[in-house]
Amino acid sequence: MNKRLKEILQRKTEIRSALESNDNVDLDAFEKELRELDEEYETIEKREKLMHQAEQINNGELESRTISTFNMTGQQEKRSPEEAELAYRNAFMDFVLRDAPIPTELRETTSTGDIGSVIPQTVLNRIIEKLDASGMILPLITNTAFKGGLTIPTSTVKPVATWVAEGSGSAKQKKTTGSITFNYHKLRCAVAVTLEVETMALAVFEQVLVNNIVEAMTIALEQAIISGDGIGKPKGILAETPNEGQALDVAKMEYQTLVDAEAALPLEYETNAVYVMTKKTFMKMASIKDENGQPIGRVNYGIAGAIERSLLGRSVVLCNYLDSFDSAETGSPFAFLYNFKDYILNTNYQMGVKKYEDNETDDLVTKAIMIADGKSVDNGSLVVLSKAAAI
């Protein structure tokens with residue numbers, strides 16, 4: 001590879017590392033520099049290709065040939081999109097399993113500025129689909145793909161209709177909106193050691209890779225969505241401050257507890273808010289009876305046989321990302337009401353893997369990496385139930 005091309009790739013890696021750090025950086029300057037580096041890279045690469053083609057013409061090589069193997073001879077290789085994708089998927093498997101470098105001509109089908117080696121698009125789509133379909137929290141939130149570091153008006157991610165005066169010259173109604181800034185937070189998960197084998201079919205390798213990444217990242221993302229502190233990770237729902245009158249202290253589980261929670265929820269957020277709690281807390285609430293002696297908790301089975309839980313007719317989402325009522329310390333939340341559509345998870349879903357050596361164990365570790373951030377854009381539906389000292 002041309003020396004200057006190597007320098008450009010190295011500089012891109014340095015910029016990526018700077019963006020992933022928590023240091024204050026000049027995003028506009030980095031954006032301008034990356035654009036100039038891309039233009040220079042394309043110019044040099046195009047010049048080298050033209051020089052190679054001119055050499056082929058001088059040697060009488062007027063026709064190009066389709067080569068089904070990796071570019072071992074130095075000649076320009078032409079593949080259909082399907083063949084190129086399959087070749088990259090196989091090369092990616094060799095990189096993960098045997099630390100074999102991915103050929104340069106195959107890297108041209110991906111972004112050279114990505115972390116480590118980019119996960120093939122086919123596999124990435126399966127990871128995204130499974131992430132959205134798994135877990136209890138991820139399918140409920142709102143997903144966006146804004147550029148990290150930008151300040152976004154909350155009305156952009158949560159549209160609101162407003163009335164305006166008719167006719168030219170009339171005063172238009174103004175709506176005050178807040179804003180949120182999505183940062184660069186790096187989420188990493190170690191690919192299972194079981195991948196480190198000498199022989200493995202491509203389909204089996206991809207399935208194992210998908211399962212391992214999804215399992216680890218689903219737990220990490222959902223944990224951050226519920227209780228993340230916003231430092232190096234998304235800011236969780238419970239890290240937000242509820243509106244006045246929507247933070248309740250509960251000393252004893254009783255029917256009045258849910259009545260007070262429902263009363264604290266504003267009417268405009270009534271429709272889509274759900275309860276969130278552990279299974280132990282739900283079962284404790286399900287044992288509570290109303291004034292007529294009827295249990296307030298319901299467990300039904302949907303058309304597909306899936307369990308559907310509810311309290312006073314409101315859906316309940318179970319998770320293990322907060323304490324149950326019995327185990328929670330005084331002052332700690334054990335349940336809350338919230339409309340998950342008001343939580344925004346921002347990511348470009350650009351995943352890659354990176355290999356490095358653990359100096360303490362001398363093991364080669366393979367990690368999958370995602371850049372993501374998340375915040376609640378509207379806390380109006382948030383009602384937090386915290387444990388109070390026993391009476």
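**Notebook: rings and charges in a predicted model**

I looked up Lys12 and found that its charged end sits over the ring of Tyr41, 5.7 Å from the ring centre; the criterion is NZ of Lys or CZ of Arg within 6 Å of the ring centre and within 35 degrees of the ring normal. I noted that the model is predicted, so that local features need pLDDT of at least 70 and side-chain atom pairs count only at pLDDT 80 or more, while totals for chains, interfaces and linings use all residues. I kept in mind that residues are numbered from 1 along each chain as its sequence is written, and that side-chain values use heavy atoms, with hydrogens and water left out.

I then listed aromatic pairs (rings of Phe, Tyr and Trp, the last by its six-membered ring, with centres within 6.5 Å; planes under 30 degrees apart are stacked, over 60 edge-to-face, the rest tilted). The count came to 2. Phe325 and Phe334 pair edge-to-face, at 5.0 Å centre to centre and 80° between the planes. Both Phe325 and Phe334 are buried, that is, under 20% relative accessible area with a 1.4 Å probe and protein chains only. Tyr338 and Phe340 also form an edge-to-face pair, with 5.7 Å between centres and 85° between planes. I recorded Tyr338 as buried because its relative accessibility is 0%, and Phe340 as buried at 3%.

I returned to Phe325 and found the charged end of Lys387 over its ring, 5.2 Å from the centre.

For the whole chain, I noted that 40% of the 391 residues are buried.

Terms used:
Buried < 20%, exposed > 50% of the residue type's maximum accessible area, 1.4 Å probe, protein only.
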